[in-house]
Amino acid sequence: MPDSVRYDVSDRVAVVTIDNPPVNALSPAVWEGIDKAVARAVADPEADAIVLIGAGATFIAGADIKVFDTLKTREDSFTRSAGTHALLRRLEDASKPLVAAIHGNALGGGLEVAQACHFRVATKDAKVGQPEVLLGIIPGAGGTQRLPRLCGAKMALEMCTDGKPVAAPKALAAGILDHIVSDGLLEGAIAFAKSKVVAHDIRRTRQIAMTLANASAGLDACAATRQALAKTARGAKAPFAVVDAIEAGLRGTFDEGSQREREIFAECVVSTESKALRHLFFAEREVAKVPDVPKDTPTREIKRAAVVGAGTMGGGIAMTYVNAGIPVLLKEVDDAALQRGLATIRKNYDVTMSKGKMTAEQVEKTMALITPTTIYDGFDQMDIVVEAVFENMDLKKATFAELGRVTRPDCVLASNSSTLDIDEFGRASGRPAQVIGHHFFSPANVMRLLEIVRGRETSKEVIATSLKLAKRLGKVGVVVGNCFGFVANRMLAYYMREAYLLLEEGASVEQIDRVLTGFGLPVGPYGMQDIAGIDVGARIRMYLNSIGKTRAEGPQSAIPDRLFEMGRYGQKTGAGWYKYDAPGSRNRTPDPLIEQIADEEAKKRGITRRPIADEEIVARITTALANEGARVLEDGYATRAGDIDIIYAYGFGFPRHTGGPMFYADTVGLPTVLARVKEYRARFGDYWEPAPLLERLVAEGRGFYSAESGAAV
Ligand code: T1G
């Protein structure tokens with residue numbers, strides 16, 4: 001029996017322990033071990049029942065995701081899944097009560113193993129779930145057939161299409177779990193198993209009959225789920241595939257449904273969508289590993305924080321801290337600005353409350369963690385200060401100079417700047433080792449990305465503290481270098497350049513936004529600007545012009561500045577790239593004025609506007625991102641291509657099923673991407689210059705993620 005599975009007998013109950021750190025993933029050895037151990041227990045005269053339990057912090061967190069890369073073809077995967085299904089049937093057919101004892105997480109294949117057991121008991125803080133769609137696959141070990149038999153098709157559809165874990169009390173109420181133990185899990189599970197011996201009670205999930213009524217209600221739920229997914233899936237296929245598998249089980253027998261599940265799983269696991277999502281799964285875990293900041297680098301404890309600036313970003317940052325239980329001093333220049341900021345925070349919590357996600361009492365408790373102020377008193381008690389004042393160099397430098405005077409020498413001084421030079425702030429504060437960029441994304445209390453910008457002198461301790469803090473704030477922290485726009489906005493400038501030029505050349509605002517949301521982005525460039533504010537971008541452009549810089553090489557479209565001069569800032573002014581019913585309204589309509597302005601600007605640049613194909617829009621935007629991403633990598637401002645993909649997935653909602661702009665470029669093929677850069681250079685101008693890294697990788701026949709070497713650039 002492999003070491004990863006142990007066998008013991010306690011009080012006439014066989015205890016099978018899965019011990020495969022860190023999350024007891026179902027590697028081939030673990031599968032084999034479980035199979036052998038349960039067979040041994042069935043034959044063991046010293047054992048009347050069997051308990052399956054995980055060692056360490058969790059039950060089984062699913063199949064070993066790394067194994068999926070070894071499945072090269074559908075046929076290969078289909079064949080292999082036969083073994084898994086047969087194994088689970090052997091568990092289910094055990095002649096002695098078999099109880100799964102769950103703590104931590106029972107996810108994916110882990111929950112499917114538990115479903116094949118006769119009973120499931122858990123600790124009250126355990127979670128169960130089928131997150132496979134988040135990896136572009138479906139449950140492939142019987143979950144689409146057994147779960148509906150335990151909790152009904154409707155809940156099974158929900159769990160398998162949103163992939164979210166379900167807490168034990170809810171899983172008990174739904175019939176997924178049979179009991180929640182109050183004290184020790186193992187003791188509780190053994191007692192439960194013994195009670196089933198006495199009761200001669202064995203329940204095989206696959207034999208739970210699906211009544212006709214349930215089946216027809218289930219089929220209605222499938223139809224309703226498909227309708228809902230049409231709005232939310234944004235191009236991902238796996239959520240629809242899981243509905244197909246569950247439906248097959250509702251229309252046919254358990255075996256027919258299982259066969260269909262295996263076919264669909266085999267299709268999904270070799271798909272580009274799944275490869276992309278598996279890539280993001282591991283990339284998200286890699287971002288925390290910064291080559292020159294060892295895992296054991298000491299970190300500071302962050303117990304008290306201050307935020308300077310209570311505008312849109314400052315308010316959202318304050319909410320992020322207090323949502324994590326960290327009290328915040330929120331400072332503004334005067335009381336009027338402070339009250340405006342507090343009112344916006346209150347309004348945001350009211351919206352959360354109206355959605356039933358917080359109670360009034362919770363809102364009051366959270367808001368009470370915010371101490372508003374207009375002075376620096378108390379800043380000498382802070383562990384961290386986040387500066388979120390207006391994106392202006394002089395204003396930020398003055399703020400850091402002040403912070404250098406009023407805070408403790410070991411206080412972390414973070415800036416929410418989205419573009420400006422962190423080293424300047426370090427110099428202004430007089431202690432650059434404590435200064436770092438914490439670039440949040442709007443809305444800061446919602447978007448999960450934290451771009452952590454290290455300055456030339458930022459200490460490793462401050463970087464490590466920032467990474468740990470990001471996790472505590474519920475963010476994905478990505479460490480990047482300090483160049484203009486860092487990684488996120490530096491690349492975004494090329495995305496926006498192409499969006500503006502495509503408009504001037506003949507595409508419309510609606511077309512560009514429709515095509516990119518069709519590609520899977522949550523919002524197109526123009527809708528996004530109308531939300532964020534056209535004035536924000538305009539003021540950064542004005543600052544850049546004042547220091548003789550542009551955000552991206554090539555022609556600078558005058559259209560956004562013309563809208564700014566007209567006071568069209570977007571939703572907040574009732575007009576921007578679109579017209580809105582009223583200032584603040586989200587109901588938008590296309591505005592023919594934009595077409596007129598685009599015509600005028602095109603004429604000024606001697607361009608004859610032309611019909612532009614949807615494909616060209618996607619190609620130019622994604623090529624611009626990949627080419628600049630390659631430059632960011634070779635300039636050393638990002639550690640890995642995966643970091644860029646995580647930044648775009650979590651910062652801009654770049655469609656996860658594409659894997660992010662760098663992984664997507666590999667999917668398209670770097671030779672094609674390079675050819676496009678060269679084509680655009682010939683058609684539009686020398687500002688389209690291939691990144692040397694891109695040319696080198698193509699010459700070496702490699703990608704940003706070279707499958708054969710597995711090495712990421
Ligand atoms: N396979 C391989 N490695 C895994 C893994 C898995 N399933 N889960 C985690 N790891 C690694 C991870 O890469 C990291 O490695 C370390 O464990 C700690 O993870 C048949 C087909 C369980 C909630 O999707 O959601 O079952 O970076 O940092 O924050 O139908 O891990 O240290 O080298 O995330 O405490 C379905 C995936 C698989 C769950 C713990 N299961 N895991 O979170 O730790 S498909 C999942 C998680 C399947 C069946 C199908 C989380 C976690 P390293 P971590 P954490």
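The structure is a predicted model in which local features need pLDDT of at least 70 and side-chain atom pairs count only at pLDDT 80 or more, whereas totals for chains, interfaces and linings use all residues. Residues are numbered from 1 along each chain as its sequence is written, and side-chain values use heavy atoms, with hydrogens and water left out.

A look at the whole chain comes first. The protein chain contains 28 helices and 19 strands, where helices (H or I, at least four residues) and strands (E, at least two) are DSSP runs numbered from the N terminus. Along the principal axes, the C-alpha atoms fill a box of roughly 85 × 60 × 50 Å. Of the 713 residues, 57% count as buried. Here buried means under 20% relative accessible area, exposed over 50%, and partly exposed in between (1.4 Å probe, protein chains only).

Next comes the ligand. Its shell holds 28 residues, of which Ala63, Gly109, Glu112, Gly140 and Arg285 come nearest; a residue is near if one of its heavy atoms lies within 4 Å of the molecule. The shell divides into 16 nonpolar, five polar and seven charged residues. In this grouping Ala, Val, Leu, Ile, Met, Phe, Trp, Tyr, Cys and Pro are nonpolar, Asp, Glu, Lys and Arg are charged, and the others, Gly among them, are polar. Strand E5 (105–107), helix H3 (109–116) and helix H11 (272–286) each supply at least two shell residues, and H11 gives the largest share, with three.

For Arg285, a polar side-chain atom lies 2.7 Å from a ligand oxygen. The corresponding distance from an N or O atom in the side chain is 2.9 Å for Lys289 and 3.0 Å for Glu132. Taken alone, the ligand exposes 1,000 Å², and the protein buries 74% of that (areas from the Shrake-Rupley method with a 1.4 Å probe).

Salt bridges complete the picture. With a salt bridge taken as a side-chain nitrogen of Lys or Arg within 4 Å of a carboxyl oxygen of Asp or Glu, the count comes to 59. One of them joins Arg74 to Glu267, at 2.9 Å from N to O. Arg74 belongs to helix H2 (residues 74–92) and Glu267 to helix H10 (residues 254–269), so this pair ties together parts that are 193 residues apart in sequence. Arg74 is partly exposed, at 38% relative accessibility, and Glu267 is also partly exposed, at 44%.

Arg251 is exposed at 60% relative accessibility, while Glu247 is buried at 14%. Glu301 and Lys303 also meet in a salt bridge, at 3.6 Å. Finally, Arg497, Glu498, Glu505, Arg610, Glu616, Arg620, Glu679 and Arg683 are linked in a network of salt bridges.

Conventions
Polar contact = N/O pair within 3.5 Å; in protein donor to acceptor, adjacent residues only side chain to side chain.
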